[in-house]
Amino acid sequence: MNNDSCRIAEKANNGTRGVAPILELRGITKSFGPVLVLDKVDLTLNRGEVLGFVGENGAGKSTLIKIICGIHEKDGGEIFFNGKKTEIRNVTQSQRLGIGAIYQELSIMPDLNAAQNVFLNRELSAVGEGLFVPLNSREMVKTTRRILGEDLHVDIDPTSPARYLTLAQKQMVEIARAIYADKQIIIMDEPTSSLGSAEREQLFKVIRRLKERGHSVIFVSHHLDEVMQVSDRIMVLRDGRKVADETVERFSVDRIIQEMVGKSLQSQYPKEIVPIGEPILSVRGLGRKGSFEDVSFEVREGEILGIVGLEGCGKNEVIRSLFGCVRYHEGEILHRGRKISVRSKREAMNEGIAFVPAERKVEGLFLNRNISWNMTIASLRSFVRFGTLMLGKERDATQRYVSQLGIRARSPRQSVLTLSGGNQQKVMLSRWMMTDPDLFLLEEPTRGIDVNAKTEVYRAIGDCVKRGKGVIVGSSEEEEVLGICDRIIVMFGGRISGVLDAKSVTTATIKSYSLNIGGGSIE
Amino acid sequence: MKKAPVFPKKTFGISSLGIIIAYVLVFAGLSIASPNFLSLSNFMVLIRQAVFTAIVGLAMTFVISMGAIDLSVGSVVGISSMLAGVLVLAGWPVGLVVLMALLLGAVIGLVNGFLVTKMRIAYFIATLATMSILRGFIYVYSKGIPLYGLGKPDFQVLGQGYLGFLPVPVLITLILICICYYLFNRTRFGRYTVSIGSNETAAEMVGIKINRIKVLVFTFSGLMCSIAGVILASRSEASIPDAGSGYEMDAIAATVIGGTSMSGGKGNIIGTVFGAVLISTIRNGLSFLNINTLWNQVVVGTFILLTVAFDGLTSRRSVARAN
């Protein structure tokens, strides 16, 4: 393995000097039915290079990735691997070429340990070969330890079951798997979407290590600042065409957005100026053993309050405790001055609290049901007369929200599975708007949705506060919080480390508070 | 505000259409193949045979749409038929007999509901156990010997009577179909049931009381099965220890053929009714075709495979189109 990696590194150095790129796509076209998804797209990936690959949802990004991985077959165009013309017809062929993909939904087996996961389907046997021979666990653990420790510089015990690993660690195991299989091209599709800032930094370090070892990486992300940080070159796709492909120095986040959207974006963060009214919810000294303590804040009518912090700072638990998903052990919650208890979600809903979870598809949507079903499910009581659901009334309400929030759908009976992430999120917001709540709790409201749709979601949130509602946004995107919130609470280690006015701070200030080096209000 | 897009009104569920076409084809095929098949009297025979699968299948549609399974249905049919027999022989008034039998079914359903919620036992395991326990009770009590002599006129009506030209069991079934259709499609209970099947976590997140709905669905299932049990005892004028055994398979078959998804989140009441009639038609039709009726199981099994494969193909295609 070590000799191999040296050889690869040498090749990498040669590669940058005029040798054929490891992967080259020329004039790739692909259509699904009558829809042209990719229109003569070229892609070049050199050895030891990180290619940032961006575009809005629906631009054809994932289709191109799937063609490289052999999940879809191209309609036209040519693929060259190391300068030799190749065809990628299925996943096996793609893997044999040394292409490995790391997806958002990690494919780690929770009950196997790290080593078993790394060697999954490539197990080392003690004697002989075949399905029924004894395995050489010790060697597999040793190799895994070496890859994780020496090659990736991460501290993971190869013998502990994967279910005890954090998401970031599982990702590392998956990367280790790709390294062991000697994947020359590693495709990372939204690898940072569920990571905290520290874990992201760790991932970027690992990507740099991969680069040094001569691997090439295609980095797909909606987080443009990250793309800027980690890539050597950036390629932008818009409506199935390549619109830009240059070294990273020639880009800025603004320029990428312009290329992606095709027009200059007036404002990514439309901020409604709304008068701030009476307090809606006051939280006093809230605490939960081992999770958060002494959390106090207030949300007022027309106010958007952001809660930020690193993964594990307790922000999600605080938000969830307001909706009865998580128990709190001390402190009290007041709704318009009246002490309330939210031991269950029903109780929270009865108090006029709405909650949109981050994991839309897991905790939010009824994916095989239609838009109407998904929208009205939380407020079904209001569509009932004499115990009977008034379907006409339901359809009218759905229709009203579909047009009000600009949800792009053919019919209210279209399955939500077929909607884009942005439109799905608008369905989620509509669901809770229909309950006419006092307070919205939004967890990562724009995770995994594209730039334009983000703006539309912000606009919908703006609509809520215009009607005098209060909104709490829990987010790991500092910029977003700065853009749309009035006040920002930063959490660190289960406590509030700073309360900031969104108008007068920068992302740097938020960052320093979330690492608790900003001279926070505690200790 | 933008102009609201005008959406077409719902006309007819495509999923029902498939099963209806399948039924018409089977019916037409049998009518052509065997001239004796197509007669009103035979049609009535076939419908009366479908009653039990239909009633139990209706209950199963709720259960399966919720992403659950109830294997105890056949045993509930059996034990409530046995209780009805015992009470009729003991001279209880028919009204009370029916009430007690239904109560027994509901209580068993309630216990199933308790097992899968409070005890957190998997649906399959919990109801497999109650299926075995209940059937065991029947054998222990009856020592394997049927109870005969239930031929009292006011009890006979339930399984053998006519209201005009309509057999009473068919009438009861029609009423149950209407009730189930209403509950399933037009009430919060139906919505919540299917929502749990579609995404249980999401259902919990919108404040649906998951356990309550689950207990209700299993209780409803027990109740429906006991109705089938009473009709069965009345029709056969006997409580047979084996009564209702294997009904779970027919009910699941009717439900699945009717377009209800085994993984939950999708159900079709009318489809189940057609599924039940289809199974009964195949059974009936095969006997007319001089095919050994032992082939029944093979044909029904083939139908399950065909409908599910067809469903899988079309839904995959629609997802592909959407992407």
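**Figure 1. Chain A meets chain B through 45 residues from chain A and 35 residues from chain B.** The model shown here is predicted. Together the two chains bury about 3,300 Å². Of that buried area, 59% lies on carbon and sulfur atoms. The size of an interface is often given as the accessible area lost when the parts come together.

**Figure 2. Two salt bridges are counted between chain A and chain B.** One view shows Lys345(A) with Glu204(B), whose side chains meet in a salt bridge. The N to O distance for this pair is 3.2 Å. Side chains of opposite charge can pair when their charged atoms come close. Polar contacts also cross the interface of chain A and chain B: 13 residue pairs are found, with both residues at pLDDT 80 or more.

**Figure 3. Several elements of chain A give two or more residues to the side that touches chain B.** Among them are the helices α11 (345-350), α12 (360-364) and α13 (371-376). The strand β18 (388-389) belongs to this group too, as do α14 (391-404) and α15 (421-433). Which element gives the most? It is α14(A), with six residues. By class, this side of chain A has 23 nonpolar, 10 polar and 12 charged residues.

**Figure 4. Four strands of chain A form an open sheet in the order β12-β11-β14-β15.** The pairing is antiparallel. Why is one side of β12 (292-300) and of β15 (338-340) left without a neighbour in the sheet? Both strands stand at the edges, each with a single partner strand, so one side of each has no neighbour there. From one strand to the next, the twist averages 25°.

**Figure 5. Strand β14 (residues 330-335) of chain A is joined to β15(A) by three bridges.** The two strands run antiparallel. His335(A) has its bridge partner in β15(A), namely Arg338(A). Strands of a sheet pair through backbone hydrogen bonds, either parallel or antiparallel.

**Figure 6. Asp111(A) and Arg163(A) form a salt bridge.** Their closest N and O atoms are 2.5 Å apart. The pair links distant parts of the chain, 52 residues apart. Asp111(A) sits in the loop between β6 (99-102) and α4 (114-118) of chain A. Arg163(A) sits in the loop between α5 (137-151) and α6 (167-180) of chain A. Over all chains, a search of the whole structure finds 40 salt bridges.

Methods
Residues are numbered from 1 along each chain as its sequence is written. Chains are lettered from A and ligands numbered from 1 in the order in which they are written. This is a predicted model: local features need pLDDT of at least 70, side-chain atom pairs count only at pLDDT 80 or more; totals for chains, interfaces and linings use all residues. Side-chain values use heavy atoms; hydrogens and water are left out. Contact means heavy atoms within 4.5 Å. Buried area is the accessible area (1.4 Å probe) that two parts lose on being put together, summed over both. A salt bridge is a side-chain nitrogen of Lys or Arg within 4 Å of a carboxyl oxygen of Asp or Glu. A polar contact is a pair of N or O atoms within 3.5 Å; within protein, one must be able to donate a hydrogen and the other to accept it, and residues adjacent in sequence count only if both atoms are side-chain atoms. Ala, Val, Leu, Ile, Met, Phe, Trp, Tyr, Cys and Pro count as nonpolar, Asp, Glu, Lys and Arg as charged, and the others, Gly among them, as polar. Two strands pair if DSSP finds at least two bridges between them. Axes are lines fitted to C-alpha atoms, for helices over the stretch in contact, and angles run from 0 to 180 degrees between N-to-C directions.
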